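Open the model in your viewer and keep the selection tool ready. This tour goes one stop at a time.

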Protein chains: 2
Amino acid sequence: MSVLTIDLAAIEENYRILKQQTAPSCTVAAVVKADAYGLGIEPVAVALQNAGASSFFVALLCEAAALRRVIGPQAAIFVLEGFEEGEAALYEQADLIPVLNHVGAVQNYAAQAQKRGKRLPAIIQIETGMNRIGAPEKDLSAMASAAAALDLRYIMSHFACSDEAGHEMNTHQWEKFRTRASAYFAGIPMSLANSSGIFRSNAYHFDMVRPGMALYGLNPLPEQENPMRPVICLDLKILQVKTVQKGEICGYNGTYRFDKESIIGTVSAGYADGLPRSLSNRGTLFWKGYPCPIRGRVSMDLISVDFSALPGGELPEAGDYLEAVGANQSADALGAAAGTIGYEILTSLGRRYRRIYKKG
Amino acid sequence: MSVLTIDLAAIEENYRILKQQTAPSCTVAAVVKADAYGLGIEPVAVALQNAGASSFFVALLCEAAALRRVIGPQAAIFVLEGFEEGEAALYEQADLIPVLNHVGAVQNYAAQAQKRGKRLPAIIQIETGMNRIGAPEKDLSAMASAAAALDLRYIMSHFACSDEAGHEMNTHQWEKFRTRASAYFAGIPMSLANSSGIFRSNAYHFDMVRPGMALYGLNPLPEQENPMRPVICLDLKILQVKTVQKGEICGYNGTYRFDKESIIGTVSAGYADGLPRSLSNRGTLFWKGYPCPIRGRVSMDLISVDFSALPGGELPEAGDYLEAVGANQSADALGAAAGTIGYEILTSLGRRYRRIYKKG
């Protein structure tokens with residue numbers, strides 16, 4: 001069985017690094033949506049709480065209930081995709097705070113507040129140029145009126161390009177955010193920055209920052225060395241080593257043909273385990289620091305690599321492990337090799353690994 | 001919450017279609033590895049058993065225990081990645097049958113058989129050209145000797161190119177399989193064909209076939225109309241609809257810029273839900289049969305699409321659903337749009353959908 005090691009102490013250290021980037025008065029919330037970016041929301045949220053986090057963001061309501069059970073009643077849980085009619089009981093039971101992204105959501109939640117006779121807590125998300133979810137300027141006046149029945153904890157927006165140093169969108173969004181928040185929601189605490197935004201400018205911090213990827217060891221500053229500690233190691237177990245002859249093929253549809261006698265190994269992991277099929281004939285695994293190129297198609301449960309170029313005469317054997325993510329290849333680098341980003345590598349990690357959670 | 005509908009009656013019908021392709025004496029096993037190709041091993045295995053399946057294949061030992069609990073003691077469960085020392089108790093407890101892929105595995109399992117004083121059941125997988133797992137010819141004599149202590153149920157191998165009509169590898173592998181099986185394992189039942197192989201030639205059926213993808217509605221004959229019934233529908237919930245201005249961007253890094261005022265919608269699903277990031281600016285969702293192109297990057301939890309070209313004046317609203325897989329787009333077609341195959345779409349389906357299992 002292949003092994004996924006998740007270093008909870010590194011996640012805690014990453015939380016502290018981000019905390020040090022911000023003023024003491026700034027809340028550093030932790031984004032734990034998508035099962036804490038694939039790493040397991042329960043152990044990860046507990047580690048983050050140990051490191052001092054008391055505000056958590058999930059994307060969907062269905063992600064919040066399990067989180068509440070593990071982090072206790074004191075921490076704040078914000079649900080990014082907001083509130084809909086029919087969800088009131090779930091919000092109340094688990095003491096959740098919705099992010100309201102459009103007029104209708106504010107009106108529905110305000111009606112709920114009046115029904116329950118209390119000013120319910122909420123965040124309002126406003127559009128500043130990313131054009132995903134969040135309210136456009138034309139609706140802000142109506143939202144502010146409807147929100148009078150609510151306890152608005154924050155006004156927030158989200159950066160589209162903060163991973164690109166000096167991108168003009170960053171200052172444009174920042175300016176729109178300040179202008180719109182002060183025009184319609186003066187005096188309400190503000191939140192704009194994601195992981196990259198935290199490092200780009202202190203002016204982006206406002207009252208709360210919302211890191212996700214940096215907590216999990218991905219690089220928020222792609223143009224320079226990663227300031228975060230790596231969090232995962234992924235080691236794939238070798239099932240078999242064999243010699244193939246010149247002219248033979250390897251894997252589905254024979255997309256690789258050996259031009260000389262070669263030694264190949266096949267590991268127990270494939271695209272069903274989150275190693276994208278786009279790594280076929282492109283990706284690399286490592287043995288004792290030496291690269292072993294992937295040959296042929298990545299299958300659902302199996303990947304074959306070439307050992308022929310390994311130095312010395314020493315060869316890995318069945319039962320040994322090859323590194324997919326670790327000292328020689330970051331999750332970001334594996335993502336790049338697959339034509340995607342480290343985030344997609346993390347959120348795709350499958351459920352067939354032996355998962356080891358390392359504590360400090 | 002977005003909705004994944006899995007039609008168990010269609011899976012049962014697909015099993016019957018495959019059964020009709022083969023002679024009554026041929027066992028039609030069901031491959032349910034990788035959580036039944038992402039569709040949920042427990043309900044899927046029960047449906048397949050209802051349809052008549054009594055032999056099941058998983059890839060890893062860790063997948064077998066849950067399966068045994070739901071299908072009862074009578075069915076045969078085969079574990080493709082085979083047996084290792086230290087796993088004997090798990091094999092015995094759950095009454096599992098390993099697929100032995102190399103000499104060492106046969107020797108270890110034979111030692112186990114001698115320890116337990118009974119001829120334990122096993123399959124031996126032999127190499128015929130795919131060069132993944134399976135024993136090369138030079139080892140077959142030693143494997144046959146070591147296997148004398150075992151109850152060999154089948155000799156098997158696996159097609160590399162059966163999805164390509166008339167590919168020369170198919171006949172080459174078939175010939176090698178017959179020659180090697182009869183030379184080293186005469187009289188032992190044989191199994192070669194996967195889903196596509198079943199349709200390519202009756203000569204490939206032997207004593208057992210092992211379909212996977214065809215059970216789940218993917219097309220085993222890509223060059224012609226799909227003979228299988230579709231199994232899944234994936235409907236993504238719209239969170240918000242808004243108007244964007246000419247010159248504005250959409251999504252991370254502004255990879256799409258609108259060349260006119262447009263109406264966009266954002267749905268609750270992203271690459272963390274198995275909609276690959278490679279669909280960015282390439283994929284299409286459907287509303288009432290009309291295509292809505294994806295604009296900008298697919299995010300972790302969100303995808304935006306363009307409604308501007310919809311006919312009529314009618315527009316979807318927040319709370320409506322867009323089709324990702326269904327009558328207008330098969331899982332195979334969505335995979336192709338993402339630069340991959342339907343298999344990877346299925347095995348990547350996330351855990352944040354409301355899953356509806358439809359019965360007959």
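**Stop 1: two helices of chain B**

Select helix 3 and helix 4 of chain B. Helix 3 of chain B passes helix 4 of chain B with a right-handed crossing. (A crossing is right-handed if the near helix is turned clockwise from the far one by less than a right angle, and left-handed if anticlockwise.) Helices (H or I, at least four residues) and strands (E, at least two) are DSSP runs, numbered from the N terminus.

Before you go on, a word on the model. This is a predicted model, in which local features need pLDDT of at least 70, side-chain atom pairs count only at pLDDT 80 or more, and totals for chains, interfaces and linings use all residues. Residues are numbered from 1 along each chain as its sequence is written, while chains are lettered from A and ligands numbered from 1 in the order in which they are written.

Back to the pair. Helix 3 covers residues 41-50 of chain B and helix 4 covers residues 61-71 of chain B. Their axes come within 9 Å and cross at roughly 50°. (Axes are lines fitted to C-alpha atoms, for helices over the stretch in contact, and angles run from 0 to 180 degrees between N-to-C directions.) Helix 3 of chain B and helix 4 of chain B are therefore oblique to each other. (Under 35 degrees counts as roughly parallel, over 145 as roughly antiparallel, 65 to 115 as roughly perpendicular and the rest as oblique.)

Now show side chains. From helix 3 of chain B, pick B:Ile41, B:Glu42, B:Ala45, B:Val46 and B:Gln49. From helix 4 of chain B, pick B:Glu63, B:Ala66, B:Leu67, B:Val70 and B:Ile71. These residues make the contact. (Two residues are in contact if their C-beta atoms, placed from the backbone, lie within 7 Å.) By class, the contact of helix 3 with helix 4 of chain B has 7 nonpolar, 1 polar and 2 charged residues. (Ala, Val, Leu, Ile, Met, Phe, Trp, Tyr, Cys and Pro count as nonpolar, Asp, Glu, Lys and Arg as charged, and the others, Gly among them, as polar.)

**Stop 2**

Select residues 8-21 of chain B, which form helix 1. Helix 1 of chain B packs against helix 3 of chain B at about 45°, with the axes 9 Å apart. This crossing of helix 1 and helix 3 of chain B is right-handed. On helix 1 of chain B, find B:Leu8, B:Ile11, B:Glu12 and B:Tyr15. On helix 3 of chain B, their partners in the contact are B:Pro43, B:Val44, B:Ala47, B:Leu48 and B:Asn50. The contact of helix 1 with helix 3 of chain B counts 7 nonpolar, 1 polar and 1 charged residues.

**Stop 3: the domains of chain A**

Switch to chain A. Colour domain 1 (8-216) and domain 2 (232-358). (The bounds come from an automatic or database domain assignment.) How far apart are the centres of domain 1 and domain 2 of chain A? They are separated by 38 Å, taken over C-alpha atoms. 10 residues of domain 1 of chain A touch 8 residues of domain 2 of chain A. On the side of domain 1, helix 1 (8-21) and helix 2 (33-37) of chain A each give two or more residues. That side has 8 nonpolar, 2 polar and no charged residues.

**Stop 4: where the chains meet**

Show both chains. The contact takes 52 residues from chain B and 52 residues from chain A. On the side of chain B, the elements giving two or more residues include helix 2 (33-37), strand 11 (232-244) and helix 11 (342-348). By class, the side of chain B has 24 nonpolar, 18 polar and 10 charged residues.

**Stop 5: the axis**

Chain B can be laid on chain A by a turn of 180° and a shift of 0.0 Å along the axis, with an RMSD of 0.0 Å. (Copies are superposed by least squares on the C-alpha atoms of residues with pLDDT of at least 70 in both.) The two copies are thus related as by a two-fold rotation axis. Finish on B:Ser348: in chain B, its C-alpha is the nearest to the axis, at 3.5 Å.

Notes: Domain bounds come from an automatic or database domain assignment.
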